[in-house]
Amino acid sequence: RLECGPVRSTATSTSRRTTTATTTMAFPAGLLLVAGAANNLLLASGASISSASVSGLATAGRQQKLAQQEQLRRRILLGGDGGDANLNTMEVLLKMYDETEGLEWTDHTNWFTSSDVCDWYGITCYEQGGGDEAERVGHVRKIDLAENRVRGTLPESVWDLPFLEVLNLRDNPDVDVTFKNIGNAKYLSNLIVSNTAVTSLDGIGSASSSFEEIHVTDCNFGSDLPDEIYDLVNLKQLYFNYAGFTGTLSSKVGKLASLTHLYLYENDLTGTIPPQIGNLANLKVLALSQNGFRGTVPNAINKLENLE
């Protein structure tokens, strides 16, 4: 399938910005709001309470839970539960949790309540296997925290997970990811960071030869397509829609001979479509519409016999 003309955008973007104001909630005389077990709020004797007071109680509850988490962290890490490999993995995940406001995630089921990271929400591990797979059993294969109110900056140490294959942070608009050390993730094949705060792909070119699929749709780069992308010669699927890329499509795109899906529609790309696009013999989908390309479609497009 070749898309070069206008297409109707089907992507949606929802603002998650909220405004906080101080308000006062009035209760009947003789009532008071107090903190109860498990951070529940109970009504007792008193008169009224401001939102600032409620915030203070919530903060106290969070601090209590953080203290409990720290105790569990020390028990697990210092106690040696799960073996050395699991300890190293747990340290990486705990750092990720701390630095991306894990306490505020939409779902953090089993985080800190189980000493087995494979039971934690969003974490998928390798299961029992034989041969070359045996050494991977119990290690993290996939992190999927899509639409989970993840915030802050993902720590670089996540790339040190030895057998990580998939990282999905889609639809967390307040989380940033940096790629300086992405080459440490030797088995990483799939990266999904669409609709996040990612605005730079610096370092992406050092991704391993296992890297096959990247999604950065609905980001706001406001810069040229990075030359590093063209070093990912084993890349099969590239999704860069609605990402604010500017400049031209380099002739180096012809180096991406393994591509089957190339999505670049709804950006601010200009210039002409390079004839080297015809080198992408495996392409099934080429989507270039909603850009500022000029001139004619190169005849080399006719070489793409696998377009669907």
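## Ser 251 and its contacts

Leaving out residues up to four places away in sequence, Ser 251 touches Pro 274 and Gln 276, where contact means heavy atoms within 4.5 Å. The model is predicted: local features need pLDDT of at least 70, side-chain atom pairs count only at pLDDT 80 or more, and totals for chains, interfaces and linings use all residues. Residues are numbered from 1 along each chain as its sequence is written, and side-chain values use heavy atoms, with hydrogens and water left out.

Ser 251 sits in the loop between β13 and β14. Helices (H or I, at least four residues) and strands (E, at least two) are DSSP runs, numbered from the N terminus. Ser 251 and Gln 276 are 25 residues apart along the chain, and their C-alpha atoms are separated by 5.7 Å. With a relative accessible area of 40%, Ser 251 is partly exposed. Buried means under 20% relative accessible area, exposed means over 50%, and partly exposed lies in between (1.4 Å probe, protein chains only).

## The chain as a whole

The protein chain has two helices and 15 strands. It has 308 residues, of which 43% count as buried. Among contacts in the protein chain with a separation of 6 or more, 46% are accounted for by residues 24 or more positions apart.

The accessible surface of the protein chain comes to about 15500 Å², and 46% of this belongs to carbon and sulfur atoms. Accessible areas come from the Shrake-Rupley method with a 1.4 Å probe; for residues, only the protein chains shown count as cover.

## Salt bridges

A salt bridge is a side-chain nitrogen of Lys or Arg within 4 Å of a carboxyl oxygen of Asp or Glu. By this rule the count is nine. One of them joins the side chains of Glu 101 and Arg 151, at 3.6 Å from N to O. Glu 101 lies in the loop between α2 (83-99) and β6 (123-125) and Arg 151 in strand β8 (residues 151-153), so this pair ties together parts that are 50 residues apart in sequence. Glu 101 is partly exposed at 38% relative accessibility, and Arg 151 is partly exposed at 26%.

Another salt bridge links the side chains of Lys 252 and Asp 227, at 3.3 Å from N to O. Lys 252 lies in the loop between β13 and β14 (261-263) and Asp 227 in the loop between β12 and β13, so the pair ties together parts 25 residues apart in sequence. Lys 252 is partly exposed at 37%, as is Asp 227 at 45%.

## The loop between β12 and β13

Thr 217 is found in the loop between β12 and β13. Thr 217 is buried, with a relative accessible area of 14%. Apart from neighbours within four places in sequence, Thr 217 is in contact with Ser 194, Asn 195, Tyr 239, Phe 240, Asn 241 and Tyr 242.

A salt bridge of 3.7 Å, N to O, is formed by the side chains of Glu 212 and Lys 236. Glu 212 lies in the loop between β11 (190-192) and β12 (213-215), and Lys 236 in the loop between β12 and β13 (237-239), so the pair ties together parts that are 24 residues apart in sequence. Glu 212 is partly exposed at 33%, and Lys 236 is partly exposed at 37%.
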